[in-house]
Amino acid sequence: MGKVTGFLEVDRQDRRYAPAGDRIRHYREFVIPLSEETTRSQASRCMNCGIPFCHTGCPVNNQIPDWNDLVYQGNWEEASQNLHSTNNFPEFTGRVCPAPCEASCTLNIEDTPVTIKTIECAIVDRAWSHGWIKPMASSRRTGRSVAIVGSGPAGLAAAQQLARAGHDVHVYEKHAKAGGLLRYGIPDFKMEKNLIDRRIRQMEAEGVVFHYNSHIGVTTPVDELIAAHDAVLLSGGAEQPRDLPIPGRELDGIHFAMDFLPQQNRRVSNEPVGSNEPILAGGKHVVVIGGGDTGSDCIGTSVRQGAVSVTQLEIMPRPPEKENKALSWPLWPLKLRTSSSHEEGAERDFAVLTTGFTGTGGKVRKLSCVRVDAKMQPIPGTEFELKADLVLLAMGFVNPVYEGLLESLGVTLDPRKNVAANQTDYRTSVDKVYAAGDMRRGQSLVVWAIREGRQAAHAIDKDLMGTTTLPR
């Protein structure tokens with residue numbers, strides 16, 4: 001695949017970012033794509049390595065060596081067809097996926113993996129610009145109806161697959177627009193929302209019907225939904241945030257990240273912010289508690305809003321700068337990762353436990369913190385305080401919201417309080433109800449949600465029709 005000696009002749013080259021001083025002035029994407037010539041040259045580095053370990057790193061089973069070879073040969077349209085055969089939305093993963101495939105690349109043994117994510121993004125962006133991506137409406141109708149609850153990546157992937165199988169597909173979304181965390185969680189500077197909009201238009205042309213402001217189990221009874229459809233897929237995500245129940249938590253100025261980020265996304269898209277009080281970082285000392293991607297998104301958004309300072313706290317110890325390849329490869333390694341938002345102006349501190357909040361006039365003003373050891377136990381004598389006018393809790397999500405939909409259904413939960421369903425048939429404990437994505441597996445990646453949506457569609461189609469041609 002590619003050029004057999006390409007990895008010896010061509011150095012790794014990846015996309016660059018626009019300067020931080022420029023990009024923090026707006027909410028648009030700021031990644032600078034590689035030229036066509038450079039992209040083809042990078043694709044040539046994908047060698048015939050015998051065992052493509054990149055396959056083990058890709059949850060949607062992308063045929064990475066195949067479309068790298070097609071790009072190298074200049075067969076971009078065929079590369080797009082190949083890419084879309086396993087991934088419904090490569091423009092999403094090509095922007096926000098952490099690329100576990102690159103961690104698994106054979107060349108990553110020497111820290112020079114093939115730029116798989118960049119090539120993937122180049123393929124799909126070129127396909128859109130050349131008009132190769134068109135609606136693929138089914139020529140047959142099965143007469144069966146499927147409801148999808150939640151329009152995040154799992155729900156969208158399942159909906160598109162089932163519509164292409166000839167079913168009548170209805171997507172129920174509690175918000176005003178489709179996309180789930182793709183739209184309301186991920187900032188526009190990482191992924192602009194017109195990318196979601198054009199996929200929705202494609203899906204509508206394929207027959208998918210979207211019902212917005214339909215909060216199943218709250219504004220729409222669950223029984224009505226089940227009675228109206230032959231199958232129901234739950235893909236509402238894991239939306240219950242992890243809280244920090246310590247003294248002072250009730251003070252104003254302490255918010256969950258997912259109360260903060262959606263507001264800014266709505267401002268950018270000219271949607272009403274909602275009934276919540278505006279949460280803004282301008283002129284404030286911001287502390288983000290949580291060291292993951294959501295915390296990073298809070299940093300980038302706070303900087304763009306004009307925060308005076310941004311500090312990110314992580315309870316885990318500082319990871320090593322570089323992984324031990326002999327121990328980790330081809331698995332996803334634990335190492336220090338610096339995002340574009342970190343580069344824009346944030347202090348990071350590791351092995352820190354927040355023990356309390358203090359304030360004046362009912363508003364938060366300080367955090368009481370202590371350093372912890374490897375067992376996350378406080379180290380005596382390491383207590384300190386940190387100034388804060390705005391605290392954003394970005395410590396992940398624990399499980400789906402149970403009240404409303406799941407409570408009405410009475411669906412069985414697993415020990416982690418996610419909806420219980422296996423990865424073979426995706427059936428829940430309730431007849432003709434299925435579950436996929438974060439609602440089933442817990443907080444995870446966009447690419448895993450797409451995989452589960454596709455596999456759930458395969459299972460549903462097989463149950464409804466007795467057989468299926470949809471891929472898993």
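Is C97 buried or exposed?

Analyst: Quick note before we start: this is a predicted model, where local features need pLDDT of at least 70, side-chain atom pairs count only at pLDDT 80 or more, and totals for chains, interfaces and linings use all residues. Residues are numbered from 1 along each chain as its sequence is written, and side-chain values use heavy atoms, leaving out hydrogens and water.

C97 counts as buried, at 11% relative accessibility; buried means under 20% relative accessible area, exposed over 50%, partly exposed in between, with a 1.4 Å probe and protein chains only. C121 is buried too, at 4%. As for bonding, the closest cysteine sulfur to that of C97 is in C101, 6.2 Å away, so that's too far for a bond. From C121, the closest one is in C97, at 11 Å, again too far. A search of the whole structure turns up 0 disulfides (a disulfide being a pair of cysteine sulfur atoms within 2.5 Å).

Now the sheet. It's open, with 5 strands in the order β5-β4-β3-β6-β17 and parallel pairing. Strands here are DSSP E runs of at least two residues, helices H or I runs of at least four, numbered from the N terminus, and two strands pair if DSSP finds at least two bridges between them. β5 (209-211) and β17 (433-435) sit at the edges with a single partner strand each, so one side of each has no neighbour in the sheet. Further in, β3 (residues 145-149) and β4 (residues 168-172) pair in the parallel sense over 5 bridges, and A147 has H170 in β4 as its bridge partner.
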